[in-house]
Amino acid sequence: MIDFRSDTVTQPTAKMRQAMANAEVGDDVYGDDPTVNRLESMAAERFGFDSALFTSSGTQANLLALMSHCDRGDEYICGQQAHNYKFEAGGAAVLGSIQPQPLVNQADGSILLSDIEAAIKPDDIHFAKTRLLSLENTIGGKVLSQQYLADAQALAFNRRLKIHLDGARIANAAVAQQLDIGDITQYFDSVSICLSKGLCAPVGSLLLGDERFIQKARRWRKMLGGGMRQAGILAAAAEIALDEQVARLAIDHENAQYLAEQLNALDEFEVDMTQVQTNMLFAKVADQLDITRLAAGLKHNGILISPSATIRLVTHADISREDINTFIKVLKTLL
């Protein structure tokens, strides 16, 4: 199948599969897995943190971050479109008793600093305590600028807030700006990085922070059932993801641009090219088009999309330029 639904569908590379089969393992809950320990140490050093924690998913990494920064009844500020608010099943509220304060995301994905400032609660018994500012980069495929991150960090520091980054696709943000990932992580107290999206690892995310923060997160991970015994089998693939899969994201970005151009040539679709910054694009569908029926026709021809009035299409390691040409050819036939 040619699958445009998400970059979470990427398959592990042959080298990853071999590394997983031969990984040296131990019981990670006891701290005995050498491959996990090596991954966490390498990631912490590379991205400028004291410590790191290997987790089963980005959702878990974000939840651990929120629960480690905030106590019951505290509040975190985030965007209306933030993954850890909108798409992670309300975990912060349900499991952490943490109140989200979502604010409007601007067209570029940012949250106005003035909106953040206004949303911080005063020290008053009537209000939840605002403890944390949470940002996301990329968000909807869009890249937050370095200047914005610096300004947001300064605001958080001056208002005595911690600042967390949902960096599920931080590698895409770095490649798009021709930066190292560490150039982005420097602005945050904690960062989550997903390894199983565009970086092709089969499972896993990293949570980074200072030693005390990660120790607290490790305890929450155990409580939430996230202790993964011989996890070195997964960490072996994660190491390769960080070492070998970051630079090639530039190809995904080029393919997203190409796909957007091809769709814009069709009367039934409209893509705002200014919003295609990484590996993700959103195509507005003409009102008269039955997108559900079209998606069924595409599936019959071996192509997967998520039908919607505005379709999200994601390029990744398993989508080639030839696959895009096949998609456009089949799409024209069905139309």
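Let's start with the largest pocket of this predicted model, which has a volume of about 680 Å³. A pocket here is an open set of points on a 1 Å grid where a 1.4 Å probe fits, with protein on both sides within 12 Å along at least five of seven lines, and lining residues have an atom within 4 Å of a point. Among the 24 lining residues, His69, Asp74, Arg131, Arg160 and Lys162 are the closest to the centre of the largest pocket. Helix 3 (58-69), strand 5 (129-136) and helix 10 (211-223) each give at least two residues to this lining; helices (H or I, at least four residues) and strands (E, at least two) are DSSP runs numbered from the N terminus. The lining splits into 7 nonpolar, 3 polar and 14 charged residues, with Asp, Glu, Lys and Arg counted as charged.

Now turn to the second largest pocket, which holds about 480 Å³ of space. Its 21 lining residues include Gln81, Phe87, Ile139, Gly140 and Phe282, the closest to its centre. This lining divides into 5 nonpolar, 11 polar and 5 charged residues, and Gly counts as polar.

Finally, look at a pair of helices. The axes (lines fitted to C-alpha atoms over the stretch in contact, with angles from 0 to 180 degrees between N-to-C directions) of helix 12 (residues 249-264) and helix 14 (residues 321-334) come within 10 Å and cross at roughly 15°. That makes helix 12 roughly parallel to helix 14, a term for angles under 35 degrees.

Residues are numbered from 1 along each chain as its sequence is written. Local features need pLDDT of at least 70, side-chain atom pairs count only at pLDDT 80 or more, and totals for chains, interfaces and linings use all residues, while side-chain values use heavy atoms, leaving out hydrogens and water.

Terms used. Angles under 35 degrees count as roughly parallel, over 145 as roughly antiparallel, 65 to 115 as roughly perpendicular and the rest as oblique. Grid points are joined across faces, edges and corners, and a volume is the space filled by probe spheres set on the points.
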